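Hi,

Here is the structure I promised to pass on to you.

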Amino acid sequence: MTVATPKTKRNLIEVARQLFAKKGVDSTTMNEIAEASGYGRRTLYTYFKNKKDVYKAVIGSELQKLYAALEDVIKRDLPADDKLMMFTFSRLSIIKEVVTRNGTLRADFFRDIWLVENVRKEFDKKEIHYLETILADGSKSAVFTVNDIPRTAEILHFALKGLEVPVIRGVLNLRLDRQEDREIVYNLVFKGLNKR
């Protein structure tokens with residue numbers, strides 16, 4: 001269950017996101033965030049101890065967009081293999097969109113990857129749970145043969161995570177609407193590489 005964030009705090013996070021995207025985290029001051037928000041320093045410090053807290057909140061807010069999109073995929077009435085395919089492509093597309101739309105924040109995202117990883121812990125757990133759900137549905141309907149659902153979900157999660165940087169940087173362009181990409185992912189994920 002997600003706790004609702006007060007409107008004032010959401011506004012502060014969005015103002016900070018815009019400033020971080022434009023100027024970078026290091027070049028943005030708490031005073032600038034307070035001034036740009038129109039709330040003032042006292043209100044800003046009511047919600048955040050320091051800029052690092054604000055940065056964590058911005059990353060968390062951006063991850064919420066990813067949660068929402070993935071939950072939409074999970075709720076769809078699709079066969080498990082189609083759902084896993086849509087999940088894979090949606091996840092990579094949305095994370096690229098989120099990071100790319102944040103301009104200079106994108107560089108900070110890559111530079112301070114350990115802080116980002118710390119904030120992502122909850123997202124990672126949730127994503128593994130989503131993958132377990134898809135795999136369990138697929139096993140129940142005989143679409144998949146999976147002996148160890150939790151471990152398989154974890155490996156899929158890390159495989160997707162490993163694709164993030166090449167997709168975000170544009171080195172690897174995967175698209176759900178491109179038949180060749182769907183076939184490559186389908187063959188790799190669902191059929192494996194060995195012909196038996």
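This is a predicted model: local features need pLDDT of at least 70, side-chain atom pairs count only at pLDDT 80 or more; totals for chains, interfaces and linings use all residues.

What covers the buried residues of helix 2? If you read along the sequence, you get the pattern α-α-α-α-α-α-α-α-α. The chain has 196 residues, and 38% of them count as buried. Its accessible surface comes to about 11500 Å², with 53% of that belonging to carbon and sulfur atoms. Take the contacts between residues at least 6 apart in sequence: 71% of those join residues at least 24 apart.

**Helix 2 and its cover**

Back to the question. The cover over the buried residues of helix 2 includes helix 1 (7-23), helix 3 (41-47) and helix 4 (51-75). Helix 2 itself runs over residues 30-37, and its buried residues are Met30, Ile33, Ala34 and Ser37. Looking down the axis of helix 2, you'll see these buried residues fall within an arc of 95 degrees, so they line one face of the helix.

Now zoom in on serine 37, which sits in helix 2. Is it buried or exposed? Serine 37 has a relative accessibility of 16%, and buried means under 20%, so serine 37 counts as buried. A polar atom of its side chain lies 2.8 Å from the backbone oxygen of alanine 34. The side chain of serine 37 also reaches the backbone nitrogen of tyrosine 39, at 3.1 Å. If you leave aside neighbours within four places in sequence, serine 37 is in contact with Leu12 and Val15. Just after helix 2 comes glycine 38, with a positive phi of about 80 degrees.

Next, step back to the loop between helix 1 and helix 2, where you'll find threonine 28. Threonine 28 counts as buried, at 0% relative accessibility. Its side chain reaches the backbone oxygen of glycine 24 at 2.7 Å. Not counting residues up to four places away in sequence, threonine 28 touches Leu19, Phe20, Lys23, Ile33 and Lys51.

Valine 25 is in the loop between helix 1 and helix 2 too. With a relative accessible area of 9%, valine 25 is buried. Valine 25 and lysine 51 are 26 residues apart along the chain, and their C-alpha atoms are separated by 8.2 Å.

**Helix 1 against helix 4**

At what angle do helix 1 and helix 4 pack? The angle is about 95 degrees, and their axes are 9 Å apart. That makes helix 1 roughly perpendicular to helix 4. On the helix 1 side, Ile13, Ala16, Arg17 and Phe20 take part, and they meet Lys51, Val54, Tyr55, Ala57, Val58, Ser61 and Glu62 in helix 4.

While you're on helix 4, look for lysine 65. At 37% relative accessibility, lysine 65 counts as partly exposed. Setting aside residues up to four places away in sequence, lysine 65 touches Val98 and Arg101. The C-alpha atoms of lysine 65 and isoleucine 94 are separated by 8.3 Å, with the two residues 29 apart along the chain.

**Around the end of helix 7**

Last stop: glycine 138, which has its place in helix 7. Glycine 138 counts as buried, at 0% relative accessibility. Which residues does glycine 138 touch, not counting residues up to four places away in sequence? They are Ala80, Val143 and Phe144. Glycine 138 is also 57 residues from aspartate 81 in sequence, yet they are 7.0 Å apart in space, C-alpha to C-alpha.

Then find alanine 142, in the loop between helix 7 (113-140) and helix 8 (149-168). Alanine 142 is not a glycine, but it has a positive phi of about 65 degrees. Alanine 142 is exposed, with a relative accessible area of 67%.

Conventions
Residues are numbered from 1 along each chain as its sequence is written. Side-chain values use heavy atoms; hydrogens and water are left out. Helices (H or I, at least four residues) and strands (E, at least two) are DSSP runs, numbered from the N terminus. Buried means under 20% relative accessible area, exposed over 50%, partly exposed in between (1.4 Å probe, protein chains only). Contact means heavy atoms within 4.5 Å. Accessible areas come from the Shrake-Rupley method with a 1.4 Å probe; for residues, only the protein chains shown count as cover. The arc is that of the directions from the helix axis to the C-beta atoms. A polar contact is a pair of N or O atoms within 3.5 Å; within protein, one must be able to donate a hydrogen and the other to accept it, and residues adjacent in sequence count only if both atoms are side-chain atoms. Axes are lines fitted to C-alpha atoms, for helices over the stretch in contact, and angles run from 0 to 180 degrees between N-to-C directions. Angles under 35 degrees count as roughly parallel, over 145 as roughly antiparallel, 65 to 115 as roughly perpendicular and the rest as oblique.
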